[in-house]
Amino acid sequence: MAHPLRGKYAIVGVGNTRYGKLPGVSALAHNVEAIARAIEDAGVKKDEIDAVLTKAPTSNFQMLWSARVAQAIGIQPKVTATLDQAGASNIGLIAYAIMCMELGQCTMAVISYGDNPLTGSRAFYNRPRGEDAAYGFFGAPAGYAMIARRHMEEFGTTSQQLGEVAIACRYHASLNPNAQFQTPITMEDHENSRYVAEPLHLLDCCPVSDGGAAIIVTSAERARDLRKPPAHILGLGQSHPAWDVQARPQLTTSGAKASGEMAFRMAGLGPRDMRFAQLYDCFSIVPIITLEDYGFCKKGEGGDFVSGGRIRLGGELPLNTSGGLLGETGMPGMQLIVEGVRQIRGECGPRQVPDAHTGVVSGQGGIMTTHATLVLGREP
Amino acid sequence: MMTSASDRILPIVTPENERYWRSARAHALELPYCLACERAFYPPQHRCPFCLSDSVDWRRASGRGRVYSWIVMHQVYDPSFKDRAPYPVAIVELEEGPRLIANLLNVPNAAIRLGMPVRVTYEDVTDEIALVQFEPEEH
């Protein structure tokens, strides 16, 4: 039997700021800009929004962040929340929005993220402290490198296969005028880029970026009267390995496995039904493991799967068609949902996937500490 | 305040891990051990994370383990590591089960292998703190 909430809600508006180095713009201002554009895109009146949900700015975590955002957009909402699942929060907040709508607490939610880690607060990047840091084990690249090494040793995944992910994302970014990186890279560029945390090269790592993005979620019924075709929410999942990298029982299977199963089961669909994938790619190893865990290929075959052009536009499964974190912006994930919606609508111009009626989006954060999955479809 | 290369980053000693670092200072590796489910665990805490029993004592570990994964850090995030980069950081799986983050000493970066047997050694950093480190068994 189909899940009762499959296709009952939809994303009806998306908006984003410019991405990259944007001095003089606060995290709050990025949220406001993105929300204003999402409202315009949806063609709704601001006063119809009765839920304001946010992921806290990574670089400068603040209490009651969603309340501040609500004030800045002049809304006293029925529902607010700031969720801390790191890069999985945006999709997690879609689930929360739907729960509150099912409870009758609200009818239309805006979910936003904005931050200025490149030019603004560097609080997050102050001198590291504590036990891991005493051993020089700090920075996100170190944790992901630990996972990448284990995957390479267990399954024979190569640096060139990691490079395939980065090359595809940078190629797609070159077709996106708003992407932070406009120039494609070659395998030679990838292999010659300096090591950050070996086995990860610089070009395996996403940039630090300023900017924001927002989406508007409401019922599929309400969506029918709005300006643009809705992207129906067919499936949602989450699962969180949670523990420190060194303590975690397994490093090469992520939360994507249980989260993906949950989302695909709700959608009544499987990997073969997906016309595109927007998979969180803070580091090139992550989409490889996510593709395996989602069942696009067997465990250990992700490196092979991303090779030979399969994940490039025109290939079997175009991946991160706006450039992803590696190419479009290092922002933690909202841009992937925005791109998923635009692909479903067919708005993507030179980077449009033909007949992109169904696709999957992932979010994850920490050091593969959290994971959430979203399946979108043109039809409910 | 200026940070110089000689200012090493130190672990933060808390009531829960004080015994671990006191032992390390005396060049002994001790782990919290649950008397109820008979398992060692890490990091230290008052209740066992597996069965939540508060019957937790400390046991001397063998000091032997294997490399579960490792990286070589090139990026310098802190001046105290400037002269050491590129340096190895490993996850060491101890015979008793828990995994620790440590540097591998007395081994060239290129000679590190997955599953390599290692044994504990200690790096005296200050009068109060010795870091628990590892080196190859065959060193």
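Hi everyone, let's start with the sheet of chain A: nine strands make an open sheet with mixed pairing, in the order β3-β2-β4-β7-β1-β8-β11-β10-β9. Its edges are β3 (79–83) and β9 (276–278) of chain A, each pairing on one side only. On average, neighbouring strands here are turned by 25° against each other, direction ignored.

Before going on, this is a predicted model, in which local features need pLDDT of at least 70 and side-chain atom pairs count only at pLDDT 80 or more, while totals for chains, interfaces and linings use all residues. Residues are numbered from 1 along each chain as its sequence is written, chains are lettered from A and ligands numbered from 1 in the order in which they are written.

Helices (H or I, at least four residues) and strands (E, at least two) are DSSP runs numbered from the N terminus, and two strands pair if DSSP finds at least two bridges between them. Angles run from 0 to 180 degrees between N-to-C directions, with axes fitted as lines to C-alpha atoms, for helices over the stretch in contact. Contact means that the C-beta atoms of two residues, placed from the backbone, lie within 7 Å.

Back to chain A. Strands β10 (residues 358–365) and β11 (residues 370–377) of chain A run antiparallel, joined by eight bridges. Within that pair, G363(A) has A372(A) in β11(A) as its bridge partner.

Now the helices. Helix α1 (residues 27–42) of chain A packs on the sheet and touches β1 (9–16), β2, β4 (108–115) and β7 (211–219) of chain A, its direction making about 125° with that of β1(A). Helix α2(A) lies across β2, β3 and β4 of chain A, at about 125° to β2(A).

On to the backbone. Where are the cis peptide bonds I'd like you to look at? One runs from E198(A) to P199(A), with omega near 20°, and P199(A) sits in the loop between β5 (195–198) and β6 (200–201) of chain A. Another links Y42(B) to P43(B), with omega near 5°; P43(B) is in the loop between β2 (39–40) and β3 (56–60) of chain B.

L64(A) has phi near 50° and lies in the loop between β2 (51–55) and α2 (65–72) of chain A. N106(B) has phi near 60° and belongs to the loop between β6 (99–102) and β7 (117–124) of chain B.

Are these two buried or exposed? By C-beta atoms placed from the backbone, a residue is buried with 20 or more others within 10 Å of its own, exposed with 12 or fewer, and partly exposed in between. L64(A) counts as partly exposed because it has 13 C-beta neighbours inside 10 Å, and N106(B) is exposed because 10 other C-beta atoms lie within 10 Å. Thanks, everyone!
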